[in-house]
Amino acid sequence: MRLLERDEIISLYNRFGAKQDTQGWYEDEPLAEMKRHMAFDTADSVLELGMGTGRLAHEVVTELTPRGTRYIGLDLSPVMVNLGRNRLRQCDHAFAVVGDVRAPLPLRDNSVSHVYAAYVLDIFSEDEIRAVYDEVRRVLKPGGLFGAVSLTGGYSPLSRLTSSLWSAVHRLRPQAVGGCRPLELLACVPDEFELAHACKKVAGGIPSEVIVSRKPA
C-alpha cells in the first residue's frame, strides 16, 4: 500500500479546495457522534488537526464552545488554510495556520483542553498516527480530550463491500480518494490514553470509526 507523500498531499488538497464540503453525505453522522462525546462546552482552547475548509471549525467556534475559547487550526494545504481563515474571519480568538500535524505541534506542553482530527489520520501510516497521538498527549492539559474520526473497515454486508472497494481504489490511485483509506484507528491509540468513547458508524454506505480519548488527569 502506497501512502501519499507530503508534497502530494499539499498538491491534492490545494486542487480539491472547497469541494471537500461535498463529503457531508458520509461524514456528518460520524462527526455528530464525535461532537456528542467531546464536551466542547467545557473547552477553553481547541486545536484542530487538518482543518480543511473550516466548516467544522466554524460550528465548533460559534456554536459548541464557550465564548472566547481559543481555536487554532492546522492544515498542510495553504488553499485550505485560506478557506478556513475566510470562514472564521468574524470569529475572535480563532486562527488558522499552515502546518504538518505529524511535526511537533506549535504549542506548549499541557496548553490545550481539546484536540480533534476529522478524516485526517487515515492519510497517514499507523506509526505516524501513533506519533500524532504522542504529540497530542504532550500538548493536552491533564484530563483533556482528543477526538478522531477516520474511515474504517465495514461490519455489515454493504459497509464491508464499500470499504473493500475504497481500499481497492486507494491501492490503485490514492489521489482518487483523497489519500485516505479504511483503517482500524482504535489499534493506534497508545495505552497512555484513557478511552472515553469508541464506535463505528455507517452513513451513505461508508463506514467510519469515532474515537474519543482522554489524557489522564
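**Exercise 1.** Which residues are linked with Arg6 in a network of salt bridges?

*Solution.* The structure is a predicted model, in which local features need pLDDT of at least 70, side-chain atom pairs count only at pLDDT 80 or more, and totals for chains, interfaces and linings use all residues. Residues are numbered from 1 along each chain as its sequence is written, and side-chain values use heavy atoms, with hydrogens and water left out.

Step 1. A salt bridge is a side-chain nitrogen of Lys or Arg within 4 Å of a carboxyl oxygen of Asp or Glu. By this rule there are 17 salt bridges.

Step 2. The network joins Arg6 to Asp100, Arg102 and Glu128.

**Exercise 2.** Determine which parts of the chain are tied together by the salt bridge of aspartate 100 with arginine 6.

*Solution.* Step 1. In this pair the closest N and O atoms are 3.4 Å apart.

Step 2. Arginine 6 lies in helix H1 (residues 6-16) and aspartate 100 in the loop between strand S3 (94-98) and strand S4 (112-118), so the bridge ties together parts 94 residues apart in sequence. Helices (H or I, at least four residues) and strands (E, at least two) are DSSP runs, numbered from the N terminus.

Step 3. Aspartate 100 is buried, at 15% relative accessible area, whereas arginine 6 is partly exposed, at 40%. Buried means under 20% relative accessible area, exposed over 50%, and partly exposed in between (1.4 Å probe, protein chains only).

**Exercise 3.** Locate the salt bridge partners aspartate 44 and lysine 141.

*Solution.* Step 1. Their side chains meet at 3.0 Å, N to O.

Step 2. Aspartate 44 is in the loop between H2 and strand S1 (45-49), and lysine 141 is in strand S5 (residues 140-151); the pair links distant parts of the chain, 97 residues apart.

Step 3. Aspartate 44 is partly exposed at 40% relative accessibility, and lysine 141 is partly exposed with a relative accessible area of 27%.

**Exercise 4.** State how many disulfides the structure holds, and describe the setting of cysteine 188.

*Solution.* Step 1. A disulfide is a pair of cysteine sulfur atoms within 2.5 Å. The structure holds zero disulfides.

Step 2. Cysteine 188 is in no disulfide, and its nearest cysteine sulfur, that of cysteine 180, is 14 Å away.

Step 3. Cysteine 188 is buried, with a relative accessible area of 2%. Cysteine 91 is also buried, at 13%.
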